[in-house]
Amino acid sequence: MALDDIRTRIRSAATAAGRNPDDITLIAISKVQPLERVEAVLEAGHRIFGENRVQEAGEKWPDFRERFDGVDLHLVGPLQSNKLNRALDLFDAIHSLDRDSLAKKLANAVQSRGGCPKLFVQVNVGREPQKAGVDPDGLEGFLKNCRDTLDLPISGLMTIPPADDEPEKWFGMLKQMAADQGLTELSMGMSGDFETAIAHGATHVRIGSAIFGERTTAG
Ligand SMILES: *Cc1c(COP(=O)(O)O)cnc(C)c1O
């Protein structure tokens, strides 16, 4: 299946970059995919998945979790504060932390519930007005607030680079920003550019259509 091919390409890209392939986590992005395709990937033994909408995740993953042990589910799309508790019920990791108001609510929720998901701060590397993410100039202050004031453990940075540009410079920029902030994990790289992302230090690649096939509706 396509999953095996993607795993092979991830290993090759890691080796070519002088990296250990085991340091790269493949997140299979299952948004909008027919359930039988997702199930086939679960049957093949893969357990790490990503969704970009809280509601959609809630419609499929509680059932899958009952049937398959060890599912690790990542939220890679925007998170509205009013869906925060639902998101904490569903997800093991959040890649879209990007504003102070959300960070504060998250810190409160984590404190009352106990247990914090793995957290990535999303950075709007291309400063695109339509895109979510912290402005690169605001990253240091945002992280300081999360870490020092709110006591939220931040694992790394996430980005979706501008679509109409070579991704190299944006991946390199995210890597540099993470290094400057003492962060080691990088969520970057999708179906069309994950090998480039791995060459630039990605630790988490988010791959949808190359595993499951083209989506028939927009994600
Ligand atoms: C849909 C999506 C992906 C996967 O995109 P593909 O091009 O299908 O691999 C990765 N990251 C995010 C945030 C997404 O919304």
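Strands β3 (residues 72–75) and β4 pair in the parallel sense over two bridges, with strands being DSSP E runs of at least two residues, numbered from the N terminus, and pairing calling for at least two DSSP bridges. The bridge partner of H74 is A93 in β4. Between β3 and β4 the chain passes through helix α4 (residues 84–90), and this β-α-β crossover is right-handed; helices are DSSP H or I runs of at least four residues, and right-handed means that, with the strands pointing away from the viewer, the path from the first strand over the helix to the second runs clockwise. The model is predicted, so to speak of local features takes a pLDDT of at least 70 and side-chain atom pairs count only at 80 or more, while totals for chains, interfaces and linings use all residues. Residues are numbered from 1 along each chain as its sequence is written, and side-chain values use heavy atoms, leaving out hydrogens and water.

On its other pairing, β4 runs parallel to β5 (residues 118–122) over three bridges, and L97 has V121 of β5 as its bridge partner. Here too the crossover, through helix α5 (residues 100–113), is right-handed.

As for the ligand, a polar side-chain atom of K31 sits 2.7 Å from one of its oxygen atoms, and a polar side-chain atom of R215 also lies 2.7 Å from a ligand oxygen; polar contacts are N or O pairs within 3.5 Å. The protein buries 89% of the 390 Å² that the ligand exposes when taken alone (Shrake-Rupley, 1.4 Å probe).

Methods. A polar contact is a pair of N or O atoms within 3.5 Å; within protein, one must be able to donate a hydrogen and the other to accept it, and residues adjacent in sequence count only if both atoms are side-chain atoms.
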